[in-house]
Amino acid sequence: MTTAHPSAALPGKLRLWPLLAGLALLAFLWLGPLPERARGSFAAHMVMHMGIVAIASPLLVLGLTRLQPGIFRGIPPQLALAATFAEFAVVWGWHAPALHDAARLSAPIFLAEQGSFLFAGVLVWASALGAAAGSDRLATRAAGVGALLVTSMHMTLLGALLLFSPRPLYACADLCAPAAAMTPVEDQALGGVIMLIVGGASYLAGGLMLLASVLRGPDGTEPEASFATRPARPGVSP
């Protein structure tokens, strides 16, 4: 009788690192210095936003699928596209000047904003990555690809608008103290860059990873071999 090495159980425990990392990131974003910093800096506010929807949310979804592999099983493809439009409404709505200024000046509205960011982010990633991970249906994975790529595009567009705007879009840029050594326009542009790099890249990478799974076919295998690689039939030249 042999005894298993203590490290044999380690890989199973390490499988949950995405869930733990996502929770730790949320704790840092909400309990660290960023909430106070975000009251006077648009860029700090954007770090919180992108940290929630583009980093913490996919980590949480990946961790949950490892903890309970069937948790997102059976999610219909239509939900992925609906989740995309829901996140579009949440992201663009909270970046409308009136709502954004209110969230930076009012703690209850700020909490509502942050909660809606987390809900929308988890919904998109769960409907895209979570459903696809437990499904062999091409329609489900293809819908996930569309959801993540569309989200990447609208975040890129909003980031570009913030980056290239010639004037501050929010009254809070004047009411709140901006980041040291930065004008309100520069602070806003930095927030746009953060959205472009973190938000756009995260959703684009997720969409491309799902696209690769779609191209591998419904059973996760490589596509059918090309004519040049098929074995020649007897009496037929390749």
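User: What makes Ser-41 a cap for the N-terminal end of H4?

Analyst: A side-chain oxygen of Ser-41 lies 3.4 Å from the backbone nitrogen of Ala-43. A polar contact is a pair of N or O atoms within 3.5 Å, so this pair passes. Keep in mind that this is a predicted model.

User: Which residues make up H4, and how far does the helix reach?

Analyst: Helix H4 covers residues 42-67, which is 26 residues. From its first C-alpha to its last, H4 reaches 36 Å. At 1.5 Å a residue, 38 Å is expected, and the reach is close to that.

User: Where does H4 bend, and by how much?

Analyst: The bend is at Ala-56 and comes to about 40°. A proline follows within four residues: Pro-58.

User: Why is H4 called mostly covered?

Analyst: Buried means under 20% relative accessible area. Of the 26 residues in H4, 20 are buried.

User: Which residues does Val-53 touch?

Analyst: Leaving out residues up to four places away in sequence, Val-53 touches Pro-58, Glu-87, Phe-117, Gly-121, Trp-125, Met-155 and Tyr-203.

User: How do you know whether Ser-152 is buried or exposed?

Analyst: Compare its value with the cut-off. Ser-152 has a relative accessible area of 6%. Buried means under 20%, so Ser-152 is buried. Ser-152 is found in helix H8, residues 138-164. Not counting residues up to four places away in sequence, Ser-152 touches Gly-200, Tyr-203 and Leu-204.

User: And Phe-119, is this residue buried or exposed?

Analyst: Phe-119 has a relative accessible area of 58%. Exposed means over 50%, so Phe-119 is exposed. The residue sits in helix H7. Its C-alpha is separated by 9.8 Å from that of Ala-86, 33 residues apart along the chain.

User: Why does Ser-127 count as buried?

Analyst: Its relative accessibility is 3%. The limit is 20%, so Ser-127 counts as buried. Ser-127 lies in helix H7. Its contacts include Ile-75, Leu-79, Ala-80 and Ala-83, not counting residues up to four places away in sequence. Phe-72 is 55 residues apart from Ser-127 in sequence, and the two are 7.5 Å apart in space, C-alpha to C-alpha.

User: Which backbone oxygen does the side chain of Ser-127 reach at 2.8 Å?

Analyst: That of Leu-123. The backbone oxygen of Val-124 lies 3.0 Å from a polar atom of the Ser-127 side chain. The limit for a polar contact is 3.5 Å, so the Leu-123 pair qualifies. The Val-124 pair therefore qualifies as well.

User: How many helices and strands does the protein have?

Analyst: There are ten helices and zero strands.

User: What share of contacts joins residues at least 24 apart?

Analyst: Take contacts between residues at least 6 apart in sequence: 78% of them join residues at least 24 apart.

How values were computed:
Residues numbered from 1 in each chain as written. Predicted model: local features only at pLDDT ≥ 70, side-chain atom pairs only at ≥ 80, totals over all residues. Heavy atoms only, no water. Helix = DSSP H or I, 4+ residues; strand = E, 2+ residues; numbered from the N terminus. Contact = heavy atoms within 4.5 Å. Buried < 20%, exposed > 50% of the residue type's maximum accessible area, 1.4 Å probe, protein only. Expected span 1.5 Å × (residues − 1). Bend = angle between axes of the 7 residues up to and from the residue. Polar contact = N/O pair within 3.5 Å; in protein donor to acceptor, adjacent residues only side chain to side chain.
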